[in-house]
Amino acid sequence: MAGTPRPAGDDVRDAAVTTTSQPKESNVTMADRLRRAAVDTRPLAVPAYRRVLVGQGAALVGTMVTEVAIPVQIYAISHSSFYVGLAGLAGFVPIVVFGLYGGAVADAVDRRLLCLWASVVTWAVTIALLAQTLLGIGSVPLILVLVAVQGAGFAISSSSRGAIIPRIVSPDLVPAANTLSFTVGNIGQVLGPLAAGVLVAFPHGFAYAYGTDTLLFTMSLYSTFRLPAIESTSAAARSGLRAVLEGLRFISGNPVLLMSFAVDIAAMVLAMPNALFPEAAAARFHGGIGLLYSAVAIGSVLAGLFSGWIGRVRRQGRALTFAVVGWATAIALAGLARTLWLAVLLLALAGAADLVSAVYRQTMLQTYAPDEMRGRMQGVFTVVVSGGPRLGDLRAGAMAAGTTLTIAWSGSALLCVVLVIAIALSVRPFWHYDAQQVKSPAAQGLS
């Protein structure tokens, strides 16, 4: 709109490379087709985005080392999948509270500073986990408390970081930037669990794991420190409970966003088997804990290498539904596997579907909401994406304790398939959502 002041951070976005024209279909060669199918790397031309990506990659490798070490350490102390599931509950509550509130704060302050200070909290918790291991305390309640504090720091930093990306790349590059971010994150989720599987097998292995996370997270802090200021674009932005409620009302009034969260909650709560991996590795596969925790991410990385098509899909609601159904189906089949290699293969297929669903969820959220609402949208996104798996851990642990490993793993995932199909078909705006034709209510108000 002519005469509208440029938002802070647009000077960074100007470095982005604009979309180039595609060759005519009649002149498309096999090489052209392969390039279009490969991952879109244009956002890497933006220096600020590169810093975000490097910091995120380093942090996620270390974070995944810790996220594997914590449940394995709890299981080693308690020999109970139920206590492993409690770690999910301990992280869920602060993620809900601080994810929502942190998102509101991100809409009112410098998002870079907020992300930096929240990351410092997460870094300090990792040091505390290292200290309790070195001291040989062996207390499950203490670990659960540290998990809760870590969840709070992670929720705030994740809410602010997700809201930064649309400010540092041009709108046409948002799907590509999200795909790169998720792919790098998934590489971390491959390397982290594999490294954790090796480290925790050593004497004093938990100390090695937490120490590795501490060093890698230091690199992430430095990358965040070097980002430019990302100030709020709204002079009247609020950061209290009223702002949180405004964000929730915005979501509840838009079925496209509401359904994108609903299908993800179903996928994470009903078809997330992570809390069952220690028991499965010990009782069914007699090893392979690192492979189990990294298999989903391996599939996501491979899918990310051939993800150029994702940004060209218009019916994103249907694509998201199919991806979630594919995820839950592969998870259910993995729970029936009796050999480690087959379980890992099926979990990798689930990971490929998960990358697709994650990109569409994030892209729909970032492009549907105005900038002054993005922090709150990312706060809710953080609650769903990070809190959902923790509820899934609690559900899986409780089901495994009360039924069997197979029922807790596969039975619940099959229920997810049925539920997602039913709710997606019942909400027509979501099922028929066209990314190129549908204009968000927020955008209509700003045009």
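The largest share of the lining of the second largest cavity, four residues, comes from helix α3, and that is where I would like to begin. What we are looking at is a predicted model, in which local features need pLDDT of at least 70 and side-chain atom pairs count only at pLDDT 80 or more, while totals for chains, interfaces and linings use all residues. Residues are numbered from 1 along each chain as its sequence is written, and side-chain values use heavy atoms, with hydrogens and water left out.

Let me say how the words are used. Helices (H or I, at least four residues) and strands (E, at least two) are DSSP runs, numbered from the N terminus. A cavity is a set of points, on a 1 Å grid over the protein atoms alone, where a 1.4 Å probe fits but cannot get out, and its lining residues have an atom within 4 Å of a point.

Which residues line the second largest cavity? They are R51, V52, G55, Q56, C115, R161, S220, S223, T224 and L227. Both α3 (47-78) and α8 supply at least two residues of that lining.

With a relative accessible area of 11%, S223 is buried; buried means under 20% relative accessible area, exposed over 50%, and partly exposed in between, with a 1.4 Å probe and protein chains only. If we leave aside its neighbours within four places in sequence, S223 is in contact with R51, V54 and G55, contact meaning heavy atoms within 4.5 Å.

Stepping back to the whole protein, there are 18 helices and zero strands, and buried residues make up 56% of the 447 residues. Among contacts with a separation of 6 or more, 86% are accounted for by residues 24 or more positions apart.

I turn now to the aromatic rings. A pair of aromatic rings is described by the distance of the centres and the angle of the planes. Rings of Phe, Tyr and Trp (its six-membered ring) pair if their centres lie within 6.5 Å, and planes under 30 degrees apart count as stacked, over 60 as edge-to-face and the rest as tilted. A search of the whole structure finds five aromatic pairs. In one of them, the rings of F202 and Y208 have centres 6.5 Å apart and planes at 90 degrees, so the pair is edge-to-face. F202 is partly exposed at 43% relative accessibility, and Y208 is partly exposed at 45%.

Why is the pair of F322 and W431 called edge-to-face? It is because the ring centres are 5.8 Å apart and the planes stand at 85 degrees. Since F322 lies in helix α13 (residues 316-336) and W431 in helix α17 (residues 428-431), the pair ties together parts that are 109 residues apart in sequence. F322 is exposed, with a relative accessible area of 54%, whereas W431, at 16%, counts as buried.

Ring pairs also link F277, Y293 and W409 into a cluster. Separately, the charged end of R112 sits over the ring of F225, 5.2 Å from its centre; for this, NZ of Lys or CZ of Arg must be within 6 Å of the ring centre and within 35 degrees of the ring normal.

Finally, two histidines in loops. H79 has a phi near 55 degrees, a positive value in a residue other than glycine, and its place is in the loop between α3 and α4 (81-106). At 61% relative accessibility, H79 counts as exposed. Phi of H286 is likewise near 55 degrees, and H286 is found in the loop between α11 (277-284) and α12 (289-305), where H286 is exposed with a relative accessible area of 67%.

Notes: 1 Å grid on protein atoms, 1.4 Å probe; cavity = no way out; pocket = protein on both sides within 12 Å on 5 of 7 lines; lining within 4 Å.
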